[in-house]
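Q: Could you take me through this model one feature at a time, giving the general idea before the particular case?

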Amino acid sequence: MHVPDLIRRKRDGEELADEEIEELVQGYVRGVVPDYQMAAFLMAVYFQGMNERETAALTRAMVRSGGVVDLSSVPGVKLDKHSTGGVADTTTLVLLPLVASAGVAVAKMSGRGLGYTGGTIDKLESVPGFRTHLSAVEFVAQVRRIGLALTAQSRELTPADQQLYALRDVTATVESPALIASSVMSKKIAGGADKIVLDVKVGRGALLPDERGARDLAERMVRLGERMGREVTAFLTDMDQPLGLAIGNALEVIEAVEVLQGKAWGELRELSVAIGAEMVRMAGVEVDAAEALRLLEAKLDRGEALDMFRRWIEAQGGDGRVAEDPRRFLPKAAHVRVVTAAAGGYIQDIDPKRLGRLVQSLGAGRRRKEDVVDLSVGVVLGGKVGDRIPDGEPLAVIHARSLQDLDLAEREVRSAIILSRDPVPRRPVILDRIS
Ligand code: URA
Ligand code: CA
């Protein structure tokens with residue numbers, strides 16, 4: 001393999017052979033190909049793209065760089081779900097116990113927060129005692145026992161993705177459909193599930209903000225799954241405003257529990273039920289789309305999804321009382337301020353990226369890999385686009401570590417949320433479904 005030649009050919013828009021891609025990736029993981037050559041290659045891919053065959057070859061090479069979880073001892077169809085990342089996106093915490101309560105086996109690997117987006121592993125670390133790192137044996141055993149397990153991405157799985165992602169993050173090569181598709185799908189293939197549901201975000205808070213790019217990514221991942229023997233459905237969903245109302249680790253767990261308790265409505269519940277219904281159908285439960293939705297609504301209303309949430313938390317060593325009274329048992333911020341709207345109105349816009357960045361700067365995110373996150377800080381919105389905020393009522397509640405942080409956050413919140421005197425239409429959360 002002559003690496004400068006591979007880089008030059010990709011730079012000039014040529015297609016690479018499967019074996020060339022395989023050798024390059026294995027060479028990188030073994031340390032034979034240095035970061036600077038791989039960085040140049042990634043930038044060439046960023047500009048020239050990769051066709052489906054090349055993307056599949058890259059995905060396979062990334063899967064082969066590590067192990068694969070063997071879920072064959074778990075009976076039935078195993079499902080996994082992945083989101084491309086958003087703000088106030090706590091779907092996983094609602095969805096997993098919801099579909100597990102309907103008898104669908106879920107085995108999920110999750111990550112930490114990236115950039116301004118939150119990560120499920122960070123959120124779950126706010127639950128006292130909860131173990132986010134299970135061994136492969138524990139992971140499989142728990143799926144067999146209660147039908148649900150979630151663990152942090154293991155170092156043994158797709159080490160190529162871990163190295164490549166870190167390099168992309170610092171070389172401005174994250175936002176490429178081919179590179180995102182291979183990164184996501186290599187992890188899902190290595191995770192061992194038979195069928196996969198993807199939540200591809202569109203809008204200012206998404207990795208690929210415009211609908212064209214997001215749709216291209218979704219279609220690529222569906223076809224990539226097909227090539228690799230996995231059934232994949234992708235939803236295109238709105239990330240032009242935060243999904244739920246809470247942004248911040250413990251605050252998002254509270255919101256998820258309130259949805260599971262049947263106390264919170266809105267888009268977080270709607271999207272969780274819609275993705276869940278697709279998973280129920282993919283698992284082979286013989287229901288039509290409307291029946292699947294009704295089945296899951298009933299699981300929420302009867303408290304069965306909440307019971308499953310408690311079992312899951314306890315199975316991984318966490319304090320199950322979080323399911324009854326999350327506000328009491330989760331970490332709390334030292335300072336809380338209610339930001340009110342002097343003159344009310346209809347919410348016209350909520351900038352998701354700005355709020356995501358703000359919450360990171362309050363301490364919920366990392367500047368460096370080894371930073372410790374503050375699980376208690378964040379912002380809870382008073383409503384979503386289209387909602388009316390009466391005069392003097394809360395626009396948002398800020399949870400922070402210091403008074404200075406409250407002041408800074410208040411200014412940011414006031415510029416991120418725009419009110420209008422006239423009614424504003426609500427925006428749909430699900431834009432399309434691709435399979
Ligand atoms: N999420 C991933 O796992 N990989 C990417 O490249 C982007 C988002
Ligand atoms: Ca298909």
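Q: How many residues of domain 2 are in contact with residues of domain 3?

A: This is a predicted model, in which local features need pLDDT of at least 70 and side-chain atom pairs count only at pLDDT 80 or more, while totals for chains, interfaces and linings use all residues. Residues are numbered from 1 along each chain as its sequence is written, and chains are lettered from A and ligands numbered from 1 in the order in which they are written. Two residues are in contact if their C-beta atoms, placed from the backbone, lie within 7 Å; here 29 residues of domain 2 touch 26 residues of domain 3.

Q: Which elements give two or more residues to the side of domain 2 that touches domain 3?

A: Elements are DSSP runs numbered from the N terminus, helices being H or I of at least four residues and strands E of at least two. Those elements are β6 and α11 (249-260), and α11 supplies the largest share, 5 residues.

Q: In what order do the strands of the open sheet lie?

A: Strands pair if DSSP finds at least two bridges between them. Here 4 strands follow the order β6-β9-β11-β7 with antiparallel pairing. Because β6 (246-247) and β7 (335-340) each have a single partner strand, they stand at the edges, and one side of each is left without a neighbour in the sheet. Between β6 and β9 (residues 378-381) there are 2 bridges, and A246 is opposite V380 in β9.

Q: Which helix gives the largest share of the shell around ligand 1?

A: A residue is near a molecule if its C-beta atom, placed from the backbone, lies within 6 Å of it. Helix α9 (residues 177-190) contributes 4 residues, the largest share, and the residues surrounding ligand 1 include T84, Y165 and L207.
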